[in-house]
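This briefing walks through one protein chain, from its overall make-up to a few selected sites. Please keep the sequence and the structure at hand while reading.

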Amino acid sequence: MQYKIQTQFEKEDSRVEKVKVVVVDDNREIRGIIKQYLDSQNDVEVVGVAGDGMQALELLNQVEADVMVLDIIMPELDGFGVLERMSSCTGKRPDVIMLTALGQEDLVRKAINLGAKYYMVKPLDLGVLTQRVVELGRMKNQTVLSVPPIAAAAPQPARSLEEKITSIFLTIGIPAHIKGYHYLRYAVKLAVENNDIISRITKELYPSIAKHFDTTPSKVERAIRHAIEVAWNRGKIENINQLFGFHVYTKSDKPTNGEFIALVADKLIMEKSA
């Protein structure tokens, strides 16, 4: 379902110039969703997309943008590196909205100190993102009030367990269109609700998932394995290590299905009890 957001500026002048936006995120699916949504708005135009920090800097020398929607964790050059190097771009410097699945206070402060105007935590509310884009675009040539670093981050509603799992999978790089994604998400949910089920992965966990999705335990096991291998082959190891706060695995050292499910479930259980 598409949602149209009518801004106050549209009400005042339907012929107002569109806000030009660049979208930078190494996750092709997220990048595509954001672009499609923003392009569907009458007052916004996506003038370019990039999949890593170096591409983003090159793009800024080719197009003129009012706002950049910028992910933090990316290959080649992360979002912080882009902010640091943007001053060397020959084109006009856009205002920046930072995106991340990590909401730590120190990251928020660093982003704001480097010049970001907003800091939003995934999964995104696309309506709120659009509002922020339009606000920044319309205020580009006006004086922007100084905002304390933490206050600049858009307030985020409490997220459900499934939303948290989805956010982790997007950060790691597990594509949502494959079966293993859905099996893994349900597996983590079951493991959070009953952590002991990990020790009965073949006798209870796989059969429970198979029953829920009307398939077989062997197909569940293979699909989950495939999903984990896809994430590792996409080179998301640095995202995984940053997400969990310590060095977990290397690119050549893939976890078993049970290890991966337990890793994600344990993180969510600790966050819940914190």
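Helices are DSSP runs of H or I with at least four residues, strands are runs of E with at least two, and both are numbered from the N terminus. On that basis the chain contains 12 helices and five strands. The model is a predicted one, and the values below are computed from it.

**Overall make-up**

- The chain has 274 residues, of which 50% are buried.
- The accessible surface amounts to about 13,800 Å², and carbon and sulfur atoms account for 49% of it.

**The annotated aspartates**

- An unreviewed UniProt entry places the feature "binding site" at Asp25, Asp26 and Asp71. These residues span 47 residues in sequence, yet no two of their C-alpha atoms are more than 7.7 Å apart, so they gather at one spot.
- For Asp71, UniProt also gives the feature "modified residue: 4-aspartylphosphate", again from an unreviewed entry.
- Asp71 belongs to strand S3, which covers residues 67-71, and its relative accessibility of 4% means that Asp71 counts as buried, because the cut-off is under 20%.
- Once neighbours within four places in sequence are set aside, the contacts of Asp71 are Val24, Asp25, Asp26, Gly79, Leu99, Thr100 and Lys122.
- Asp25 is located in the loop between strand S1 (19-24) and H2, and with a relative accessible area of 0% Asp25 is buried.
- Not counting residues up to four places away in sequence, Asp25 touches Ile30, Arg31, Ala50, Gly51, Asp71, Met74 and Lys122.

**A buried loop residue**

- Gln41 sits in the loop that runs between helix H2 (28-39) and strand S2 (44-50), and its relative accessible area of 1% makes Gln41 buried.
- In sequence Gln41 and Thr130 are 89 residues apart, while in space their C-alpha atoms are 8.3 Å apart.

**Helix H10**

- Helix H10 comprises 17 residues, 217-233, and the distance from its first C-alpha to its last is 24 Å, which is close to the 24 Å expected at 1.5 Å a residue.
- The residues of H10 that are buried are Val220, Ala223, Ile224, Ala227, Ile228, Val230, Ala231 and Trp232.

**Aromatic rings and charges over them**

- The structure holds four aromatic pairs. In the pair of Tyr186 and Phe213, the ring centres are 5.8 Å apart and the planes stand at 90 degrees, so this pair is edge-to-face.
- Tyr186 comes from helix H8 (residues 179-193) and Phe213 from helix H9 (residues 201-213), so the pair ties together parts that are 27 residues apart in sequence.
- Phe213 is partly exposed, its relative accessible area being 31%.
- Elsewhere, Phe169, Tyr181 and Phe260 are linked into a cluster by ring pairs.
- Two charged side chains are placed over ring faces: Lys110 lies over the face of Phe80 at 4.5 Å from the ring centre, and Arg132 lies over the face of Tyr118 at 5.2 Å from the ring centre.

Conventions
Residues are numbered from 1 along each chain as its sequence is written. This is a predicted model: local features need pLDDT of at least 70, side-chain atom pairs count only at pLDDT 80 or more; totals for chains, interfaces and linings use all residues. Side-chain values use heavy atoms; hydrogens and water are left out. UniProt positions are given in the numbering used here, feature names are shortened, and annotations may be inferred rather than shown by experiment. Buried means under 20% relative accessible area, exposed over 50%, partly exposed in between (1.4 Å probe, protein chains only). Contact means heavy atoms within 4.5 Å. The expected span of a helix is 1.5 Å times one less than its number of residues. Accessible areas come from the Shrake-Rupley method with a 1.4 Å probe; for residues, only the protein chains shown count as cover. Rings of Phe, Tyr and Trp (its six-membered ring) pair if their centres lie within 6.5 Å; planes under 30 degrees apart count as stacked, over 60 as edge-to-face and the rest as tilted. A charge sits over a ring if NZ of Lys or CZ of Arg is within 6 Å of the ring centre and within 35 degrees of the ring normal.
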